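Please keep the coordinates open alongside them.

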Amino acid sequence: MTRFAMNALAIALLVMLGAIVVQVFCSVFDINPIWTFDRVLPFVGKAVTLNSLLDFQWHLLVVIGLLPAGLVWLRDQHVRVDFLYSGRSDRSKSRIDILGNLIFAGPFFAMMAPASWDFLLRAWRSGEGSRNDGINDLWLVKAVLPIGIALLALAVLIETIRLIRAAR
């Protein structure tokens, strides 16, 4: 499952790079809108424009950057201050990580979870869309924030349980 998720994110990164190339090409040759439609389509409206490509790139960047955070945490590939670890036993390292999770991650999630959910709900209720003829339905990308926060919180919880067992 982890490999599938990471491969999907790698493909999303390639799609984002492709969108950048198309946007640059269309900008150079002054092509805007890029595609138009006879009816309103979800997410893009009646046209794909340079602004909607720009919005799409930012939204993909959010997905690529936030969703794998929990996987990175569980694989112990996140950034940490290793000078606290030098010369310590595995038990001491576990205790340091538990303290870090309680002091830093706990309050972070306590503040971010309700704020990210409210952020999504405001966009959903208002039907928020891009102001510059970009992507409609901004709630879709704003939904990534509470989902990513929840996945990261779950990863930190799983890791903290593992650390408590290791510290005993």
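1. The crossing of α4 and α6 is left-handed, a crossing being left-handed if the near helix is turned anticlockwise from the far one by less than a right angle, and right-handed if clockwise. The axes of these two helices come within 9 Å and cross at roughly 160 degrees, which makes α4 roughly antiparallel to α6 (angles over 145 degrees). Axes here are lines fitted to C-alpha atoms, for helices over the stretch in contact, with angles that run from 0 to 180 degrees between N-to-C directions. Helices (H or I, at least four residues) and strands (E, at least two) are DSSP runs, numbered from the N terminus.

2. This is a predicted model, in which local features need pLDDT of at least 70 and side-chain atom pairs count only at pLDDT 80 or more, while totals for chains, interfaces and linings use all residues. Residues are numbered from 1 along each chain as its sequence is written, and side-chain values use heavy atoms, with hydrogens and water left out.

3. Within helix α4 (residues 90–126) sits D97, which counts as buried because its relative accessibility is 16% (buried means under 20% relative accessible area, exposed over 50%, partly exposed in between, with a 1.4 Å probe and protein chains only). Leaving aside residues up to four places away in sequence, D97 touches R80, Y85 and L163, where contact means heavy atoms within 4.5 Å.

4. Three aromatic pairs turn up in a search of the whole structure, for which rings of Phe, Tyr and Trp (its six-membered ring) pair if their centres lie within 6.5 Å, planes under 30 degrees apart counting as stacked, over 60 as edge-to-face and the rest as tilted. One of them joins F25 and F29, whose ring centres are 4.8 Å apart with planes at 50 degrees, so the pair is tilted. F25 is partly exposed at 46%, whereas F29 is exposed at 54%.

5. Another pair is W124 with W139, edge-to-face because the planes stand at 90 degrees, with centres 4.7 Å apart. Since W124 lies in helix α4 and W139 in helix α5 (residues 139–142), the pair ties together parts that are 15 residues apart in sequence. W139 is partly exposed, at 26% relative accessible area.

6. Helix α2 (residues 50–66) has 17 residues and spans 25 Å from its first C-alpha to its last, close to the 24 Å expected at 1.5 Å a residue, the expected span being 1.5 Å times one less than the number of residues. Its buried residues include L53, D55, H59 and I64, and what covers the buried residues of α2 includes α1 (2–28), β2 (45–48) and α6 (144–167).

Terms used. Parallel < 35°, antiparallel > 145°, perpendicular 65-115°, else oblique.
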